Amino acid sequence: LGQPLFDLGVNIGLLIFHKYEHSFTSEILKNQKLSKYNHLSSYCNCKNVLYICGGESQENRGTNNRNYISNFTQIDLLNTASINDLPMLEEPRAWHSMIFIPPKYIFIIGGDTKVVEFFDIDKKKLSPDSEMNEIRNECTLFCLNDSILYAFSGSSKLGIYLKNIEKCNLRHSKREWEIVNYKNSDADFQDCFYISCFHQKSSCLILFAANENENNKFDSLLFEVKNDDEDKEEECSLSTFETEEKLIDVCPEKIFHPISNNNSVLIPLTGNTVTLYSIGDDMKLKKKLFPDALKQILD
């Protein structure tokens, strides 16, 4: 699993988590193809390859005249010298989200546009797919049974946090998004971003509240789908999920990656320290610090 590190001048850093050894390596990638990307870009892991796209041009950063980019690039995590440009996005975007849908698709959602695009990994083809009901910047994505794609919360073009969910059935030939009706007995979306983790044992989706500073007082949520049969009306509910540990960094790829049958991991950064968050059968969030993971970059 890879995570890009931006704001290093014309270069970017790369943090790689080796999931079988539970170890990290890091390096600086000096390649012109990566020079346009920044912390407003989005990335996605898939089959030992890191995909990066979008962002904001350096010329207009920090101004009201924003100029989003359409670049799309892949990095082979097994051979980091292999960096290749892909077809340009149909819609330039930043603050967007990406998700890998097995066996071979990547969906690109959000970024000041309602237009959804998808990338066929095998054919190296990028195409417009569908249109959402609302603009969702930095929304959290999750796909149930490799068929129903959910987009949780996010923020509008005006920077207002959204309090709803959209879903799309990917098996339909003409895909359409619809607002999800859900019951919320004791909780609802707050003014923060969320990181998703599917818990196999309970078949529930945990939405961990995440914040960019240490003062994270937001509640995490539990999203349950009682009936995931696409031919019947589903019953969804949202409730508070109690967790002692709080996530204090928003990761552009807002998903816990399964690395075994009973364990999933997230690798956000806090300052110069890498934190490995994991969750297992007990649904408890565990944290392990790797203070030397970025040594090669910092040196």
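**Loops and strands, question by question**

Q: Where does E138 lie?
A: In this model, which is predicted, E138 lies in the loop that runs between β11 (125-131) and β12 (140-144).

Q: And is E138 buried or exposed?
A: E138 counts as buried, because its relative accessible area is 9% and the cut-off for buried is under 20%.

Q: What about the phi of E138, what value is it near?
A: Phi of E138 is near 55°, which is a positive value in a residue other than glycine. As background, most residues other than glycine have a negative phi.

Q: OK, and M283, what is its phi near?
A: For M283, phi is near 65°, again a positive value in a residue that is not glycine.

Q: Where is M283 found?
A: M283 sits in the loop between β24 (273-279) and β25 (285-290).

Q: Switching to peptide bonds: is the one from P102 to P103 cis or trans?
A: The bond from P102 to P103 is cis, and its omega is near 5°. In general, most peptide bonds are trans.

Q: Which loop is the place of P103?
A: P103 is placed in the loop between β8 (96-101) and β9 (105-110).

Q: How many residues does the hairpin from β8 to β9 go through?
A: The hairpin joins β8 to β9 through three residues, and the two strands pair in the antiparallel sense over six bridges.

Q: Which residue in β9 is the bridge partner of F100?
A: The partner of F100 in that pairing is I106 of β9.

Q: And how many residues of β8 are buried?
A: Five of the six residues of β8 are buried, so that strand is mostly covered.

Q: New topic: in what order do the three strands of the open sheet come?
A: The order is β1-β2-β3, and the pairing in this open sheet of three strands is antiparallel. β1 (2-8) and β3 (23-29) stand at the edges, and because each has a single partner strand, one side of each is left without a neighbour in the sheet. From one strand to the next, the twist averages 20°.

Q: How many bridges are there between β2 and β3?
A: Strand β2, which covers residues 11-18, pairs with β3 in the antiparallel sense over seven bridges.

Q: Which residue of β3 is the bridge partner of I16?
A: I16 has T25 as its bridge partner in β3.

Key. Residues numbered from 1 in each chain as written. Predicted model: local features only at pLDDT ≥ 70, side-chain atom pairs only at ≥ 80, totals over all residues. Heavy atoms only, no water. Helix = DSSP H or I, 4+ residues; strand = E, 2+ residues; numbered from the N terminus. Buried < 20%, exposed > 50% of the residue type's maximum accessible area, 1.4 Å probe, protein only. Pairing = 2+ DSSP bridges. Axes fitted to C-alpha atoms, helices over the stretch in contact; angles between N-to-C directions.
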